[in-house]
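Dear colleague,

I am passing on the structure below, together with some notes on what turned up when I went through it. Please read the notes with the coordinates open beside you.

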Amino acid sequence: MTTRPPLRLMACFTAVLLTVFFLGKTAHAMDSGYDRVMRTGTIRCGYIAFPPYLMQDLNTGEFSGLAYDL
């Protein structure tokens, strides 16, 4: 015989999780990308080396490849 948690307990647990999730967000997390860039003065981006499209020479640090040329 299996025991199931009471429905009230599950409802309270769900309410707590939702409250933490929605109230835990800061105002910065709700900024648009433009607002964040203007506030910090920094543009953050990333790349992935994927030969032959983008390669980086480990000795010189220079990039090459089809995507880099574009």
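Does R36 count as buried, partly exposed or exposed, and what is its relative accessibility? With a relative accessibility of 42%, R36 counts as partly exposed, since that class covers values between the limits of 20% and 50%. R36 is a residue of helix α2, and, once neighbours within four places in sequence are set aside, R36 is in contact with D31 and G41. Please bear in mind throughout that this is a predicted model, and that the values below are computed from that model.

Overall architecture

The chain contains three helices and two strands, and, read from the N terminus, these elements follow one another in the order α-α-β-β-α. Of the 70 residues in the chain, 3% count as buried. The accessible surface of the chain amounts to about 7000 Å², and carbon and sulfur atoms account for 66% of that surface.

The loop between α2 and β1

Helix α2 spans 33-40 and strand β1 spans 55-56, and P52 sits in the loop between these two elements. The peptide bond that joins P51 and P52 is cis, with omega at about 5°. I48 also has its place in the loop between α2 and β1, and I48 is exposed, having a relative accessible area of 66%. Together with F50, Y53 and L66, I48 forms a nonpolar patch on the surface, and the accessible area of these four residues together is about 460 Å².

Aromatic residues

A search of the whole structure finds three aromatic pairs. In one of them, the ring centres of F50 and Y53 are 5.7 Å apart and the ring planes meet at 10°, so the pair is stacked, given that planes under 30 degrees apart are counted in this way. Y53, which also takes part in the nonpolar patch, is partly exposed at a relative accessible area of 42%. Elsewhere among the aromatic residues, ring pairs link Y47, F63 and Y68 into a cluster.

Leaving aside neighbours within four places in sequence, Y68 is in contact with Y53, L54 and F63. The C-alpha atoms of Y68 and Y53 are separated by 7.2 Å, although the two residues are 15 residues apart along the chain.

Which residues does Q56 contact, leaving aside its neighbours within four places in sequence? Q56 is in contact with Y47, G61, E62 and F63, so that its contacts include two members of the aromatic cluster, Y47 and F63. Q56 itself is placed in strand β1 and is partly exposed, with a relative accessible area of 34%. A polar atom of the side chain of Q56 lies 3.3 Å from the backbone oxygen of G61. The C-alpha atoms of Q56 and Y68, which are 12 residues apart along the chain, are separated by 9.9 Å.

D57 has its place in the loop between β1 and β2, the latter strand covering 63-64. D57 is partly exposed, with a relative accessible area of 36%, and a polar contact of 3.3 Å joins the side chain of D57 to the side chain of T60.

How values were computed. Residues are numbered from 1 along each chain as its sequence is written. This is a predicted model: local features need pLDDT of at least 70, side-chain atom pairs count only at pLDDT 80 or more; totals for chains, interfaces and linings use all residues. Side-chain values use heavy atoms; hydrogens and water are left out. Helices (H or I, at least four residues) and strands (E, at least two) are DSSP runs, numbered from the N terminus. Buried means under 20% relative accessible area, exposed over 50%, partly exposed in between (1.4 Å probe, protein chains only). Accessible areas come from the Shrake-Rupley method with a 1.4 Å probe; for residues, only the protein chains shown count as cover. Rings of Phe, Tyr and Trp (its six-membered ring) pair if their centres lie within 6.5 Å; planes under 30 degrees apart count as stacked, over 60 as edge-to-face and the rest as tilted. Contact means heavy atoms within 4.5 Å. A polar contact is a pair of N or O atoms within 3.5 Å; within protein, one must be able to donate a hydrogen and the other to accept it, and residues adjacent in sequence count only if both atoms are side-chain atoms. Patches are made of residues with over 30% relative accessible area and no salt bridge: like charges are joined within 9 Å, nonpolar side chains (Val, Leu, Ile, Met, Phe, Trp, Tyr) within 5 Å. A salt bridge is a side-chain nitrogen of Lys or Arg within 4 Å of a carboxyl oxygen of Asp or Glu.
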